[in-house]
Amino acid sequence: MIDIKELLTDTPNVSVTVTIEDLRSFATEVANQVISSLDRTSKEETVWLSIEQVAQRLGVNKATLWRWNKTGYLSGTKFGAKVRYKERDVERIESSEKKGGVA
């Protein structure tokens with residue numbers, strides 16, 4: 001059986017004729033690699049922060065967080081009556097502030 005991936009890396013400017021089975025095998029291998037990559041990404045746990053934690057970390061008040069939520073700058077998620085923010089979204093704002101961005 002032809003190893004299409006090897007052909008692509010070793011000789012990228014070659015013309016080949018492949019069988020349907022070889023093509024199916026290659027497509028299945030690529031699909032499995034993508035699925036595996038997505039599985040690793042989706043298994044990362046999301047850390048949720050309270051309004052108080054976010055306000056303290058960013059040095060802003062609750063009204064600012066409410067305004068940011070309304071404008072989409074920092075969107076919160078409601079869990080019952082409480083709003084929580086994803087830590088990675090807060091980190092994005094922290095890093096933009098360090099680079100001179102406006103909060």
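Of the 103 residues in the chain, 15% are buried, where buried means under 20% relative accessible area, exposed means over 50%, and partly exposed covers what lies in between (1.4 Å probe, protein chains only). The model is predicted, so local features need pLDDT of at least 70 and side-chain atom pairs count only at pLDDT 80 or more, while totals for chains, interfaces and linings use all residues. Residues are numbered from 1 along each chain as its sequence is written, and side-chain values use heavy atoms, with hydrogens and water left out.

Going along the sequence, the pattern reads α-α-β-α-α-β-β-α. The accessible surface comes to about 7900 Å², and carbon and sulfur atoms own 53% of that; such areas come from the Shrake-Rupley method with a 1.4 Å probe, and for residues only the protein chains shown count as cover. Contact here means heavy atoms within 4.5 Å. Among the contacts in the chain with a separation of 6 or more, 46% are between residues 24 or more positions apart.

Strand S1 (residues 48–50) includes Ser50. With a relative accessibility of 11%, Ser50 counts as buried. Leaving aside residues up to four places away in sequence, Ser50 touches Val83 and Arg84.

Next comes a pair of helices. Two packed helices are described by the angle between their axes and the distance between the axes. For helix H3 (residues 51–58) and helix H4 (residues 62–71), the angle is about 100 degrees and the axes sit 9 Å apart. The axes are lines fitted to C-alpha atoms, for helices over the stretch in contact, and angles run from 0 to 180 degrees between N-to-C directions. H3 and H4 are therefore roughly perpendicular to each other, a label for angles of 65 to 115 degrees; under 35 counts as roughly parallel, over 145 as roughly antiparallel, and the rest as oblique. On the H3 side, Ile51, Glu52, Val54, Ala55 and Leu58 take part, and they meet Lys62, Leu65 and Trp68 in H4.

Charged side chains join in too. A search of the whole structure turns up 3 salt bridges, each a side-chain nitrogen of Lys or Arg within 4 Å of a carboxyl oxygen of Asp or Glu. One of them pairs Lys62 with Glu52 at 3.3 Å, N to O. Lys62 lies in helix H4 and Glu52 in helix H3, so this pair ties together parts that are 10 residues apart in sequence. Glu52 itself is partly exposed, at 46% relative accessibility.

Arg57 has salt bridges of its own. Its side chain meets that of Glu87 at 2.9 Å, N to O. Since Glu87 lies in helix H5 (residues 87–98) and Arg57 in helix H3, the pair ties together parts 30 residues apart in sequence. Both ends count as partly exposed, Glu87 at 23% relative accessibility and Arg57 at 34%. Arg57 also meets Glu94, at 3.0 Å, N to O. That pair links distant parts of the chain, with Glu94 in helix H5 and Arg57 in helix H3, 37 residues apart. Through shared partners, Arg57, Glu87 and Glu94 are joined into one network.

Terms used
Helix = DSSP H or I, 4+ residues; strand = E, 2+ residues; numbered from the N terminus.
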